[in-house]
Amino acid sequence: IAEITYEGEEYCLNNGKWYKIYSDFAREINRQYEALDICQDEFIVYAHDDEDAYNDALNEALHGSIMLHKYKVPIGGGQGNNIEPCDLLWGNKMIHIKRNGGSSLLSHLFNQAYVSCQMWMDNKSRNKLKEKLEADGLQDIVPDTFIPSRYEIILAIINKFHVSRPKIPFFSKVTICYTTAAIEALGYTVKIKNINMA
């Protein structure tokens, strides 16, 4: 993955192929990305073996958070067809976390968050989640009436770059801009977060 500006034009290297990006399109996507709100909450540094270990540690660090990524909601159609509500629920904040490993992994994060947002708005899916949570006495975190505007979606990216706004590939910027707009159209608030790697 690489991005360069050459003679006033934007070029991206993605999976071994070079792409020339229309200048107006590149400027508009970069403008939209720079306008995305940043989550100001403090998250612990990533110094863990994998995302699961980090999620466990972050859950311990955030007072009152609940780990939800293991409570998958089945949607039918065979084994493995399920939706992850979010990684962590912290008050009214639904936190989705993924390590920056290129456009495909980040697209998975953004699309996963969008599908999750739709799941929370569906009564049947919420009831399935509530049933799974009952064994651990957590069913009360699922409201009977769900109002998206009361919730904040955090798209958190584990990154080697220590910056406030995650440094991501251009194609990921395209995806996050469109996905964020779609999530906000459902009524949610969306913020992005850079998680620093040790």
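1. The side chains of aspartate 24 and arginine 27 meet in a salt bridge, with 2.4 Å from N to O; a salt bridge here is a side-chain nitrogen of Lys or Arg within 4 Å of a carboxyl oxygen of Asp or Glu. Because aspartate 24 and arginine 27 are three residues apart in helix 1, about one helical turn separates them. By this rule the count comes to eight salt bridges. Side chains of opposite charge can pair when their charged atoms come close.

2. On the basis of the note: this is a predicted model, in which local features need pLDDT of at least 70 and side-chain atom pairs count only at pLDDT 80 or more, while totals for chains, interfaces and linings use all residues. Residues are numbered from 1 along each chain as its sequence is written, and side-chain values use heavy atoms, with hydrogens and water left out.

3. Helix 1 covers residues 23–35 and helix 5 covers residues 170–185; helices (H or I, at least four residues) and strands (E, at least two) are DSSP runs numbered from the N terminus. The two pack at an angle of about 60 degrees, with their axes 9 Å apart. Axes are lines fitted to C-alpha atoms, for helices over the stretch in contact, and angles run from 0 to 180 degrees between N-to-C directions. That angle makes helix 1 oblique to helix 5; under 35 degrees counts as roughly parallel, over 145 as roughly antiparallel, 65 to 115 as roughly perpendicular and the rest as oblique.

4. The contact includes Leu106, Phe110 and Tyr114 of helix 3 and Phe171, Thr175 and Ile183 of helix 5.

5. The axes of helix 3 and helix 4 (residues 123–134) come within 5 Å and cross at roughly 90 degrees. That makes helix 3 roughly perpendicular to helix 4. Met119, Trp120 and Met121 of helix 3 make the contact with Asn123, Ser125, Arg126 and Leu129 of helix 4.

6. Tryptophan 18 lies in strand 3, residues 17–21.

Terms used: Contact means heavy atoms within 4.5 Å.
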